[in-house]
Amino acid sequence: MFCHISFAQNPDGYTQDISGSDLKIDMMSIPGGVFQMGSSSKDVNAKDDESPSHEVEITSFWMSKYEITWDLFYLYLNREIDNVGSISEEAEVSVDIDAISGATIPYVDMSMGMGTGSGLPIVNVTRLAASKFCEWLSAKTGHFYRLPTEAEWEYACRAGTNSAYSFGASNEKLDDHAWYQSNSGGSYHKVGQKEPNAWGLYDMHGNVAELVLDGYQEEAYKKFKKKKVDDPIIFPEDEYPTVVRGGSWIDEPNALRSAFRLASTDQWKRRDPQFPKSKWWHTDAPHVGFRIVRVKEVPDTKDYEKFWGPKEIE
């Protein structure tokens, strides 16, 4: 059974309050539509895993205006406000917040000295940790939140464009839109300091790269070569590799293109001294964070684990 939400009620998005906290999450309304996903064969900068370009139809959804920040993630990490406030009668989901696994407290500075102050993007979290944040937020608010699919992410990043970047084919204006290798000063920065794309989303290029739901397959696009596909997703079968999008503060311009795909790797935990290694934290991915979406159709409860991960975490 699906819960249908009227996007006409919030044409420009909305602000998600979090009971027990002064923090809020601005959500932007992303209109549904059809776009060409991937890169043209004529693009000399394209990687092999970005082709063939293929037609994808996306259902409307909401996406967080900014990347999720340390102060927001700490609400989930500390769990001090779990039972503060009540869920609206208009809730789409009912999840027992006490049954949601809590991430372990990091044993070292996971910001790698770049800071965890207000407005700075969370990094070094695993895909599981990001998904459990979404489950926790869903329980707190009664709205179904999750990571974006790879297709949703690229569609939102492009914001109606077909060029290499959301602001054009050339990287000449990249400094206006992104923190990357040449201007970052060797660190991430507070979210929302650069210019947004046409749909009001900040830092889709650069600052921190962003985890998405899909498992990474190098030749994933080849199966869609001759047909339009609706809201595609490839659920991962293993912890690695999964897809990461957007490029980051350590990357060169080519990795910030709208179509660029990065595969996660277990090497992002190579310096983790724990055994077994943490399910929640990376030690070597200070360039990777995430943002969230809220979808128009809420999946059946039996499918929640596909989006949020297992209930019981060993």
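The lining of the largest cavity divides into eight nonpolar residues, one polar residue and three charged residues (Ala, Val, Leu, Ile, Met, Phe, Trp, Tyr, Cys and Pro count as nonpolar, Asp, Glu, Lys and Arg as charged, and the others, Gly among them, as polar). The model is predicted, so that local features need pLDDT of at least 70 and side-chain atom pairs count only at pLDDT 80 or more, while totals for chains, interfaces and linings use all residues. Residues are numbered from 1 along each chain as its sequence is written, and side-chain values use heavy atoms, with hydrogens and water left out.

Two cavities of 30 Å³ or more are found in a search of the whole structure. On a 1 Å grid over the protein atoms alone, a cavity is a set of points where a 1.4 Å probe fits but cannot get out, and a pocket is an open set with protein on both sides within 12 Å along at least five of seven lines; lining residues have an atom within 4 Å of a point. A volume is the space filled by probe spheres set on the points, which are joined across faces, edges and corners. The largest cavity holds about 90 Å³ of space, and the residues lining this cavity include Met-37, His-54, Glu-150, Ala-151 and Arg-261. The second largest cavity has a volume of about 50 Å³. Among the residues around the second largest cavity are Ser-166, His-177, Glu-195 and His-205, and its lining comprises four nonpolar, four polar and two charged residues.

The largest pocket has a volume of about 500 Å³. Its lining consists of 22 residues, of which Arg-127, Leu-128, Glu-239, Gly-309 and Pro-310 lie nearest the centre. Helix H2 (127-141) and helix H5 (304-308) are the elements that give two or more residues to this lining (helices, H or I of at least four residues, and strands, E of at least two, are DSSP runs numbered from the N terminus). The largest share, three residues, comes from H2. By class, seven nonpolar, six polar and nine charged residues line the largest pocket.

H2 also packs with helix H1 (residues 70-78): the two axes come within 10 Å and cross at roughly 75 degrees. Axes are lines fitted to C-alpha atoms, for helices over the stretch in contact, and angles run from 0 to 180 degrees between N-to-C directions. H1 and H2 are therefore roughly perpendicular to each other, a term for angles of 65 to 115 degrees. The contact (heavy atoms within 4.5 Å) is made by Leu-72, Phe-73, Leu-75 and Tyr-76 of H1 and by Ala-129, Lys-132, Phe-133 and Trp-136 of H2. Seven of these contact residues are nonpolar, none is polar and one is charged.

In helix H3 (residues 150-158), nine of the nine residues are buried, so the helix is largely enclosed by the rest of the structure. Buried means under 20% relative accessible area, exposed over 50%, and partly exposed in between (1.4 Å probe, protein chains only). Just after H3, Ala-159 takes a positive phi of about 50 degrees.

Positive phi values also occur in loops. Asn-124, in the loop between H1 and H2, has a phi near 65 degrees and is buried, with a relative accessible area of 0%. Asp-231, in the loop between strand S8 (229-230) and strand S9 (242-245), has a phi near 40 degrees and is partly exposed at 31% relative accessibility.

Terms used:
Angles under 35 degrees count as roughly parallel, over 145 as roughly antiparallel, 65 to 115 as roughly perpendicular and the rest as oblique.
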